[in-house]
Amino acid sequence: MRIGSLAEIRFERRRKSLGRKGILITVSAVLIGILLAGLFFSLIGVSPVFAYKRILIGSFGSMSGWREILRKAIPLMMCGAGLAIAFRGLFWNIGAEGQIIAGAVAATWVALSLEQAPSWVLLPSMFGLGFLFGAAWCIIPALLWAKLKVNEVITTLMLNYVVISLATFLVDGPWKGSSQYGYPYTDTFVDSARIPFIQGTRIPFLTLILAPLFCVGLYLLLTRSRAGYEIKVTGYNPKAARYAGMSFTKTLFLIAVISGGLAGIAGVGEVAGVHGKLSYPEDISSGYGFTAIIVAWLARLNPLGVVVSSIFVSGLLVGGDAIRTGGVPAASIDIFMGLILLMLVSTEIFRSYEIKIGGGGAS
Amino acid sequence: MLHRAIVYGTPLLLATVGEIYAERSGVLNLGVEGMMSIGAVVAFGVSLSTGNAWLGVMAAAAAAGALSLVHGFASINLRANQVVSGLALTMLGLGISGLLGKAYVGRPPGATIKGVEIPFLSEVPFLGKILFNQDPLVYASIAIAIVGWFVLFRTRLGLNIRSCGENPGAADVSGISVYRIRHLSVFLGGLLAGLAGAYLSLVYVPSWTQGLTGGRGWIVIGLTIFAFWKPLRAIAAAYLFGLLFVLPYRLQPLGVHTSLLQTLPYIVTVIALVVLSRESIRKRMAAPGALTTPYVREEI
């Protein structure tokens with residue numbers, strides 16, 4: 001880039017790799033995002049200091065805040081880990097939101113059909129079927145991509161809308177709860193189909209334990225297993241992967257099973273744990289599938305990092321709820337998230353390049 | 001119903017032509033949904049305060065264009081991942097429009113764009129009412145598509161744009177400023193997305209609510225592929241989709257649940273993409289070669 005005829009700003013490849021210092025870039029990106037959001041707050045007439053204090057107190061600064069943070073972090077963690085795997089393989093799964101609902105629908109089906117069954121039959125079936133439905137919802141676009149090169153951003157996205165409409169139809173129609181006075185809910189699940197909460201909270205203990213376990217498991221898969229290696233190579237250099245004999249289809253199938261399946265399990269956790277019934281999709285998953293994209297990106301697609309980033313992002317979400325009661329519109333959090341994601345993606349270049357300002361004109 | 005289908009397809013057409021330009025130059029802009037949303041809210045707000053719908057339209061284009069510049073800067077100069085950058089911009093666009101639009105929810109529009117009746121032609125039975133009784137923006141959108149085709153395929157500028165998208169290295173060597181062309185194309189995409197949004201809030205509904213764009217931006221991304229990145233085909237694709245969206249309202253009285261009917265356009269998008277991805281078609285009419293690849297002038 002030239003500025004006038006005097007200076008030239010260009011990017012030069014770094015001679016030494018950044019290594020561990022790379023995390024500074026992530027942190028500065030988030031900080032810049034926070035600063036910009038603060039600027040934005042003052043633009044709409046809200047004192048940034050007030051807003052941030054409110055966010056912090058409402059989320060990380062109180063016990064009730066932390067309870068909400070953990071509750072929301074569970075689906076974020078599961079989806080985020082799955083997305084980290086998918087994105088590593090360059091499979092842009094924007095359909096996590098729909099896969100969550102697919103899992104929720106599956107669990108609801110089991111819960112409503114097998115009401116007499118004991119807990120040790122119900123819960124595993126709900127999780128199992130939820131995993132399958134979520135995975136299936138991701139496998140369709142994945143296979144279309146692998147076999148027919150159909151753009152997966154669109155297919156995963158479109159399937160979101162499809163399953164959300166389907167779930168809405170079910171809740172309004174065939175599955176409408178007879179005990180719900182006409183509200184668009186299914187009947188509340190029987191106790192044996194529910195995941196118990198941790199005392200005094202709305203956090204289902206089972207999924208709280210499962211989520212970080214999945215992250216660790218996926219990290220091990222990525223770093224210690226052949227399948228994980230194949231996923232990484234497919235993402236870095238698809239041609240090399242093919243020459244090395246790795247089956248593109250098989251790799252993508254695995255990615256879809258993991259990514260979709262985890263999202264499905266997140267959905268099961270929400271209906272069996274948090275809500276205890278199926279209601280309109282917007283209530284079950286208010287954007288978890290999309291927010292998980294930020295979680296994954298913030299963690300630099302590292303499943304272990306997802307544990308931390310999901311808690312951070314969850315904190316932002318809870319903080320967002322907190323500001324809402326203070327008069328700041330809810331949409332501000334969307335802007336906040338968008339800014340952070342934008343900063344994250346814009347600063348990636350600094351990992352491999354540095355800015356050099358050359359003096360004088362061209363030689 | 002066909003009349004409404006054209007009305008429905010018009011914002012799709014506008015935004016698709018814009019996206020075609022962006023992608024032809026090599027930049028994937030997934031922020032269309034956010035830009036359309038910004039366009040819609042700005043158009044509504046400006047026309048509310050000025051009483052002039054056309055000012056609203058222009059402001060909408062400018063606002064969305066400004067937002068697209070951010071995506072352009074990140075994707076082109078900072079070589080950011082275009083998929084994620086676009087998604088971030090959609091979040092931003094939807095968030096900002098939700099914020100700005102809070103005051104406008106439920107309010108009647110300040111001014112709308114009325115339909116015109118083209119003399120003589122609108123008297124033609126059946127076709128007349130459908131084709132020649134629309135608002136000026138419908139005709140403008142068709143004109144834009146035709147001009148878009150002409151520029152892209154019959155002018156030097158269009159050739160430059162297409163070469164940036166196919167092989168930016170070769171374009172660079174032959175003296176084309178790849179960065180500038182790409183910025184221009186992305187900006188154009190933003191302008192048109194803003195127009196599309198303006199149409200939604202000033203003509204189609206007309207009003208403003210949160211989520212007015214309803215995923216249309218994503219359909220536009222799909223339509224760009226259906227149209228094989230050709231503005232003229234975009235016309236057919238957009239109106240076909242307009243039809244798909246209007247159809248549920250016609251089928252509803254037959255007893256099919258609305259929610260199920262609403263899945264129609266989305267399912268068709270997927271099916272159409274699958275059908276069109278057959279090897280033979282793909283070889284003939286593929287995506288621009290360098291789509292989503294940031295251009296870096298390699299050091300020797």
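**Close-up 1. Buried residues of helix H11 in chain B.** Ten positions are named here by their burial: Pro231(B), Ala234(B), Ile235(B), Ala237(B), Ala238(B), Tyr239(B), Phe241(B), Gly242(B), Leu244(B) and Val246(B) are buried in H11(B). A residue is buried if 20 or more other C-beta atoms lie within 10 Å of its own, exposed if 12 or fewer, and partly exposed in between, with C-beta atoms placed from the backbone. The model is predicted: local features need pLDDT of at least 70, side-chain atom pairs count only at pLDDT 80 or more, and totals for chains, interfaces and linings use all residues. Residues are numbered from 1 along each chain as its sequence is written, while chains are lettered from A and ligands numbered from 1 in the order in which they are written. The buried residues of H11(B) pack against H1 (2–24), H6 (136–154), H10 (216–226) and H13 (264–276) of chain B. Helices (H or I, at least four residues) and strands (E, at least two) are DSSP runs, numbered from the N terminus.

Close-up 2. H11(B) covers residues 231–251, 21 residues in total. From first C-alpha to last, H11(B) reaches 31 Å, close to the 30 Å expected at 1.5 Å a residue. The expected span is 1.5 Å times one less than the number of residues. At Phe245(B), H11(B) bends by about 25 degrees. The bend is the angle between axes fitted to the seven residues ending at a residue and the seven starting there. Pro248(B) follows the bend within four residues.

**Close-up 3. Gly148(B) in helix H6.** Gly148(B) lies in helix H6 of chain B. Gly148(B) counts as buried because it has 24 C-beta neighbours inside 10 Å. Leaving out residues up to four places away in sequence, Gly148(B) touches Val17(B) and Pro231(B). Contact requires C-beta atoms, placed from the backbone, within 7 Å. Gly148(B) and Ile20(B) are 128 residues apart in sequence, yet their C-alpha atoms are 9.3 Å apart in space.

**Close-up 4. Where chain B touches chain A.** The contact takes 38 residues from chain B and 36 residues from chain A. On the chain B side, the elements giving two or more residues are H4 (82–101), H10, H12 (258–262) and H13. H4(B) gives the largest share of that side, 13 residues. Of the 20 residues of H4(B), 19 are buried, so this helix is largely enclosed by the rest of the structure. The end C-alpha atoms of H4(B) are 27 Å apart, which agrees with the 28 Å that its 20 residues should span at 1.5 Å a residue.

**Close-up 5. H3 against H13 in chain A.** The axes of H3(A) (residues 63–88) and H13(A) (residues 303–325) come within 7 Å and cross at roughly 135 degrees. Axes are lines fitted to C-alpha atoms, for helices over the stretch in contact, and angles run from 0 to 180 degrees between N-to-C directions. H3(A) and H13(A) are therefore oblique to each other. Angles under 35 degrees count as roughly parallel, over 145 as roughly antiparallel, 65 to 115 as roughly perpendicular and the rest as oblique. The crossing is right-handed. A crossing is left-handed if the near helix is turned anticlockwise from the far one by less than a right angle, and right-handed if clockwise. Contact residues include Gly65(A), Leu76(A) and Ala84(A) of H3(A), and Pro303(A), Ser310(A) and Val318(A) of H13(A).

Close-up 6. H3(A) and H12(A) (residues 288–298) pack at about 60 degrees, with axes 8 Å apart. Their crossing is right-handed. Among the residues in this contact are Pro75(A), Cys79(A) and Phe87(A) of H3(A), and Tyr288(A), Ala292(A) and Val295(A) of H12(A). H3(A) and H7(A) (residues 205–224) pack at about 20 degrees, with axes 9 Å apart. H3(A) and H7(A) are therefore roughly parallel. The crossing of H3(A) and H7(A) is left-handed. Contact residues include Leu70(A) and Ile85(A) of H3(A), and Thr207(A) and Leu222(A) of H7(A).

**Close-up 7. Two loop residues of chain A.** Lys149(A) has a positive phi of about 60 degrees although it is not a glycine. Lys149(A) sits in the loop between H5 (119–148) and H6 (152–172) of chain A. With 14 C-beta neighbours inside 10 Å, Lys149(A) counts as partly exposed. Leu301(A), also not a glycine, has a positive phi of about 60 degrees. Its loop joins H12 and H13 of chain A. Leu301(A) is buried, with 21 other C-beta atoms within 10 Å.

How values were computed:
Contact = placed C-beta atoms within 7 Å.
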